[in-house]
Amino acid sequence: CTCLRRSSRCTCLIDSKWLQRKRHPVVPYVPPHLRDVDLDEDSDSCHEEAVTTGAVREEAEGSVPPSPNMRTLARSWKGRLEDRTCMSCGFNPLQMDSSITLHADGIVAECTEFSFSSQGVKGLPVIRGGRYQFEVEFLRPAALLVGWSSAMSLPSSFDFQGYGYCSDGTKVHGQKAEPYASKFGKTGDIVGACIEWSQVGSSSIVRLSFLLNGQELGVAFKIGIASDLLELPVPLQPHICQLPSGGLFQVQLRGATERRPLRYESLGFKPIGAVEAPDFCPFSKAVAVASQERAAVSLTKEHLRGFRVPDDNILELYDVPEELGALELEACLIRALDLPAKAAGVLHVDIDRAAPFVSLVAFLRPSYASRLIAAAPLQCGLDAAASVQVRALQHATAASKVRLRQLRGDEFRPKADPSAARRLIHGCLQSQIPLPHLMEEKIRQLGGGRGGAAVTQVSGE
């Protein structure tokens, strides 16, 4: 045996596969328009070089066949990602780093390589309501982060849409780590993660709590507090992440299937494998909600005042009573959205003195705009018979569109589609495009990201 005997076990086979994979020759990037059509001599030579290199790679002795393309896998997994009747419960092979391997049942996951960065894998289903629980059982000692994250969070990190319980006893949210409970990571330790969705008026609140070997540790995170609208809950899915320090993990997921039930079931919580139809969130909707919430978090009050937000976040108000000022109109819109009085920072109203009966309003989230259109007409003036009408920016008057250009300024540029840049970057790095990026690209092509209607239904704001 010539291996390093990591974690006190033989890793000869794993080391050999890793070395073969690293020895593969790199195929030069060939643009799509040159792959099938020969435009000039340079394209001919480039194409021939790519074909020759590919043939050498195929004939390489002992080579490992390339993994299936992520787009192909996403199409084959569409039913299990989008339909509850044929959903897959367990670790998701489309959301894991290259150093993670899954057993055939999709319940046992193992990290096979040390790395200076974190490595993780995410689970299914994505949950948007109800009270559910899963458990992670350690099959050997390891340093791990266990918790929940949005569909847009990558497996290798817990960003601001990730909430976890760390082996060192802290709770982690984005870049923040605070003391929480006891340390864990020994063989046989079982960490439980619970999620509880509740409705307060028109807003959703999510409480996340954890258990260690059956002992309840209390609520670790509360998302969507009525007085704080800077961060709203999004559909979440199970997520575990290997820490750079500590042994490589080998764990099994409990609560996803009947063969591996919960060992310590918390009162009032169901296993994630028994998720009900209203609480199941299709992966594409989860990506749309998380993506729009990420865009909302990046906006500031200066963006709202300058109307430097997406067009879906802007509405035109007309038939506005002349006695209403900007502050009175903002208060009326907040009441119509059933938001707390402290939520004035989620919108901004501009009243053009040249057209006093027409106003523009910019929202922090497109879902607010879609909800206001559904609630129109609005009773905002002293006269009960008078009402304020609402329409989307695409149906606004020419004068309002001119006013919007003046507010935005000449330097404003709409956000560009990042799909082409992502494809080029991952193509040059010879790496797979993450599943949520593929879903986001498809939603953008189909126009599913416009209007925010889907977001309103999923997040229940």
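Me: Let's start with one pair. Which residue in β4 is the bridge partner of G90?

Reply: L124 is the partner of G90 in β4. Keep in mind that we're looking at a predicted model. To read strands as paired, look for at least two bridges between them. Here β1 and β4 (residues 119-124) are joined by three bridges, and the two strands run antiparallel.

Me: What order do the strands of that open sheet follow?

Reply: Read across it and you get β1-β4-β13-β6-β7-β8-β9, seven strands with antiparallel pairing. Its edges are β1 (90-96) and β9 (176-179), each of which pairs on one side only. If you ignore direction, neighbouring strands are turned by 25° against each other on average.

Me: L124 again: which residue does a cis peptide bond join to L124?

Reply: That's P125, and omega there is about 10°. You'll find P125 in the loop between β4 and β5. There's also a cis bond from A376 to P377, with omega near 0°. P377 sits in the loop between α9 (366-375) and β19 (389-392).

Me: Now for another part of the chain. How many residues does the hairpin from β17 to β18 go through?

Reply: Six residues link β17 to β18 in that hairpin. The two strands run antiparallel and share five bridges; one of the pairs is H348 with A362 in β18.

Me: How many residues of β18 are buried?

Reply: For "buried", the cut-off is under 20% relative accessible area. In β18 (residues 358-363), five of the six residues are buried, which makes the strand mostly covered.

Me: And V349, is that buried or exposed?

Reply: V349 is at 4% relative accessible area, so it counts as buried. It belongs to β17 (residues 347-351). Leaving out residues up to four places away in sequence, V349 touches A326, L329, E330, L333, S359, L360 and V361. Take E330: it is 19 residues from V349 along the sequence, but their C-alpha atoms are 6.4 Å apart.

Me: Which residues have the most contacts inside the largest nonpolar core?

Reply: Look for W148, L208, I240 and F249; that core has 45 residues. Several elements give it two or more residues, including β6 (144-149), β11 (203-212) and β14 (250-254). Another core, of 36 residues, lies apart from it, and C332, L360, A362 and Y368 are among its members.

Me: Back to the backbone. What is the phi of F307 near?

Reply: Near 55°, a positive value in a residue that isn't glycine. F307 lies in the loop between α7 (301-305) and β16. With 0% relative accessible area, F307 is buried. D338 has a positive phi as well, about 60°, and isn't a glycine either. Its loop runs between α8 (326-336) and β17. D338 counts as partly exposed, because its relative accessibility is 46%.

Me: Let's zoom out. How many helices and strands does the protein have?

Reply: Count 13 helices and 19 strands. Of the protein's 461 residues, 47% count as buried. Finally, take the contacts with a separation of 6 or more: residues 24 or more positions apart account for 68% of them.

Note on methods: Residues are numbered from 1 along each chain as its sequence is written. This is a predicted model: local features need pLDDT of at least 70, side-chain atom pairs count only at pLDDT 80 or more; totals for chains, interfaces and linings use all residues. Side-chain values use heavy atoms; hydrogens and water are left out. Helices (H or I, at least four residues) and strands (E, at least two) are DSSP runs, numbered from the N terminus. Axes are lines fitted to C-alpha atoms, for helices over the stretch in contact, and angles run from 0 to 180 degrees between N-to-C directions. Buried means under 20% relative accessible area, exposed over 50%, partly exposed in between (1.4 Å probe, protein chains only). Contact means heavy atoms within 4.5 Å. A nonpolar core is a set of buried Ala, Val, Leu, Ile, Met, Phe, Trp, Tyr and Cys residues joined through side-chain atoms within 4.5 Å.
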